Amino acid sequence: MGFAELIGAPWTQSDWPGWRQQLRGPPMKLLVICILQVLVLFIGLIIGIGKSECEVSIHGGSDIEINCNNCKTHPYVSWQQLVLLFVGLIVISLGVVAALWRSRKMCKIYGIIMMIYAFVIGLTSLLTGLDTIVLSSALEHIQDSVCKTFVSSMIGTSRMNAILYALNCILDCLGAIYAIKSKELFDFQEIANHHNEFQKSLLL
């Protein structure tokens, strides 16, 4: 069984000219969304390099304390970030395969994953935004200049991450929408092709 048959695609390697002609409308938009998702992934990876972290604790349910003696900077990419990048690229590749190979099966899988991702990442964006507000409130009570620098860096990173998560959530929603639209287009085109073949067989 070849790759095209495995993913349920009507195209084979010899159909490359057909790809270029048919890659328009929803499949083209889906491919562009996938490229933007890859770009956002790498931007997030770059933002994570050199980020500052301080131990934060909450007392009495509302009092926020930042332990300035336990602050550190991450100058390198962590293995967790690399795992997230790798998983993200695998998921995005499903959308690329769906668009290029016109695979209805991959459209369905990618669309479902994107709907789940949109919910999770959207919630993460909201929580990260709230985290930024909490850190900004705690910053007002810090006197040590070095600690202020660390916390200010944390706030900047959290703010950027919140924006990036929100952008990613939008892209995931659009990815799910255009995966569904692409699948509908592929279904319609297959029905049209079968109808044309049936009409030709009648003429013979």
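## Salt bridges

Three salt bridges are present in the structure, a salt bridge being a side-chain nitrogen of Lys or Arg within 4 Å of a carboxyl oxygen of Asp or Glu. The structure is a predicted model, in which local features need pLDDT of at least 70 and side-chain atom pairs count only at pLDDT 80 or more, whereas totals for chains, interfaces and linings use all residues. Residues are numbered from 1 along each chain as its sequence is written, and side-chain values use heavy atoms, with hydrogens and water left out.

One of the bridges joins K51 to E53, with the closest N and O atoms 3.6 Å apart. K51 is partly exposed at 26% relative accessibility, and E53 is likewise partly exposed at 32%. Here buried means under 20% relative accessible area, exposed means over 50%, and partly exposed lies in between (1.4 Å probe, protein chains only).

D187 forms a salt bridge with K183, and the closest N and O atoms are 3.2 Å apart. Both D187 and K183 belong to helix α6, where four residues, about one turn of the helix, separate them. Helices (H or I, at least four residues) and strands (E, at least two) are DSSP runs, numbered from the N terminus. K183 has 27% relative accessibility and counts as partly exposed. Through shared partners, salt bridges join R104, K183 and D187 into one network.

The side chains of R104 and D187 meet at 3.1 Å, N to O. This pair links distant parts of the chain, since R104 is in helix α5 (residues 104–139) and D187 is in helix α6 (residues 145–203), 83 residues apart. R104 is partly exposed, with a relative accessible area of 30%, and D187 is partly exposed at 22%.

## S125 in helix α5

Helix α5 also contains S125, which is buried with a relative accessible area of 12%. Apart from neighbours within four places in sequence, S125 is in contact (heavy atoms within 4.5 Å) with A162, Y165 and A166.

## Packing of α3 against α4

Two packed helices are described by the angle between their axes and the distance between the axes. The axes of helix α3 (residues 26–48) and helix α4 (residues 79–100) come within 8 Å and cross at roughly 170 degrees. Axes are lines fitted to C-alpha atoms, for helices over the stretch in contact, and angles run from 0 to 180 degrees between N-to-C directions. The two helices α3 and α4 are therefore roughly antiparallel to each other; angles under 35 degrees count as roughly parallel, over 145 as roughly antiparallel, 65 to 115 as roughly perpendicular and the rest as oblique.

On the α3 side, the residues that meet α4 include L31, C34, V38 and F42; on the α4 side, L85, L89, I92 and V96 are among them. By class, the contact of α3 with α4 has 15 nonpolar, five polar and no charged residues. Ala, Val, Leu, Ile, Met, Phe, Trp, Tyr, Cys and Pro count as nonpolar, Asp, Glu, Lys and Arg as charged, and the others, Gly among them, as polar.

## Cysteines

The structure holds one disulfide, defined as a pair of cysteine sulfur atoms within 2.5 Å. C54 and C71 form this link, with their sulfur atoms 2.0 Å apart; the link is right-handed, with 115 degrees about the S-S bond. C54 lies in strand β1 (residues 51–59) and C71 in strand β2 (residues 63–74), so the pair ties together parts that are 17 residues apart in sequence. C54 is buried at 9% relative accessibility, as is C71 at 19%.

C34 is in no disulfide, and the nearest cysteine sulfur, that of C107, is 9.6 Å away. C34 is buried, with a relative accessible area of 0%.
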